[in-house]
Every structure is written in C-alpha cells, then in structure tokens.
Amino acid sequence: MEIFLSKILPPMIRAKVQCFNKSDCHPAVFGTLASSFFLGWTEKLAEENILLKFYGCVKYALAKKWCKKSLTKRPNYWLHYALDKYDDSFVNEVAKVLKLAKLFLPLPLHFALLAQQDSSWTFQASLMNTTLSSGINLQPDQPKAVGPVFLFILIPFMQYIVKPNFSRGAKSFGNGLYYLLIYT
C-alpha cells in the first residue's frame, strides 16, 4: 500500500504546491516522502541492532584474519575467526547471508536502468495531454502506480484461482511434457 501511495501522492503534491517562484515544488515532494518514511518508524527499535552486530562480526573476523596470518590452526571459513567473540549460530547465519548476498549484486544496476526508463517515460508523458475523459487531470508520473495495482489484483488471482486449478492438472501436464520430450 505504501508503494502505491508513494506513486500517487508525490506527483499531486509537486503539481499543486508552488515554492521558490516555480510551478513545480520538488522540495515539498522530498519532504513528504521523508516524513512518511520517518512516520513508518513508529515501532521502537530493538535493544540489539542486528545490522550493527552483523557488521561487527564481519569486521572482527576480517581484522583477526589479517592481523594473525601466522596462526597454526586456520579455520575453514574466514568468518569463523569471529567464533571467540560471537556465538556459533550467529556466525553461521552471517555466513549464509554473505553467501546469499552474491545473488543480489546486480540489483543496483537493474534499478538504475529501471529508474532511467521510468524518467524517460515520465518525460514523454509530460509532453502529452494527460486529461482523462471525465475531466480528471492525470500527472505524468502517476501511471507508474499501475504496477502496484496489478500486484494487488494478480497476487490473489494467482493464489486462489490459477494455482488451485493448475495443481489439479499438473500431473497430466507433467506426463504429457515427459512423453513429448521422450518421443520427439
């Protein structure tokens, strides 16, 4: 819901509010987004910050590895240097997270290209007539809210309609696919 609102409200605020003698007020948009972000942090923070503990574990293991290169008994994995300060289960969880983090390395590039595409679409939409037939004026960057709307619609559709119907026919579909691959 927050993603949907973040796609709808900022363009409206940018178009309706004027500041610094300009028709668009981008500081109002950023202020609105920042205040909504901070309002989302209404829950109290945990006494133990897991991100700081995670960072401390990695930092401690690397520092100990680099400072004590001439150890007679070296651990199998570099993160196990932190076992004397952090418990075994936490160190193993940090190791799993670091191994899994390799999958997410290309994400910044993906989102940079997505933002570039979104900005070019917004620029093109700003040159178009965005008044709907009922007289509602649509801001150029508001059509991006269609993505979250599709999520709201398609997740229950897949969960309650497609998945139950597919699971009934999956066995015959799998058998047909098997025979197609074997006999062709």
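## K64 and its partner

K64 is buried, with a relative accessible area of 18%, where buried stands for under 20% relative accessible area, exposed for over 50% and partly exposed for what lies in between, computed with a 1.4 Å probe on protein chains only. This lysine forms a salt bridge with D84, and the closest N and O atoms of the pair are 2.5 Å apart; the term covers a side-chain nitrogen of Lys or Arg within 4 Å of a carboxyl oxygen of Asp or Glu. Because K64 lies in helix α3 and D84 in the loop between α3 and α4, the pair ties together parts that are 20 residues apart in sequence.

The structure is a predicted model, in which local features need pLDDT of at least 70 and side-chain atom pairs count only at pLDDT 80 or more, while totals for chains, interfaces and linings use all residues. Residues are numbered from 1 along each chain as its sequence is written, and side-chain values use heavy atoms, with hydrogens and water left out.

## Helix α3

Helices here are DSSP runs of H or I with at least four residues, strands are runs of E with at least two, and both are numbered from the N terminus. Helix α3 covers residues 50-67, and its 18 residues should span 26 Å at 1.5 Å a residue, which agrees with the 25 Å between its end C-alpha atoms; the expected span is 1.5 Å times one less than the number of residues.

The buried residues of α3 are G56, C57, V58, A61 and K64. They pack against α4, residues 88-101.

## A second salt bridge, in α4

A search of the whole structure finds two salt bridges, and the other one joins E93 to K96, with the closest N and O atoms 3.8 Å apart. These two residues are three apart in helix α4, so about one helical turn separates them. E93 counts as partly exposed at 44% relative accessibility, whereas K96 is exposed, with a relative accessible area of 53%.

## The chain and its confidence

The chain has six helices and zero strands. Of its 184 residues, 16% count as buried, and residues 24 or more positions apart account for 42% of the contacts (heavy atoms within 4.5 Å) with a separation of 6 or more.

The mean pLDDT, the predictor's confidence in each residue from 0 to 100, is 78 for the chain, and 79% of the residues reach 70 or more. Confidence is lowest in helix α1 (residues 2-16), at a mean of 71, and highest in α4, at 92.
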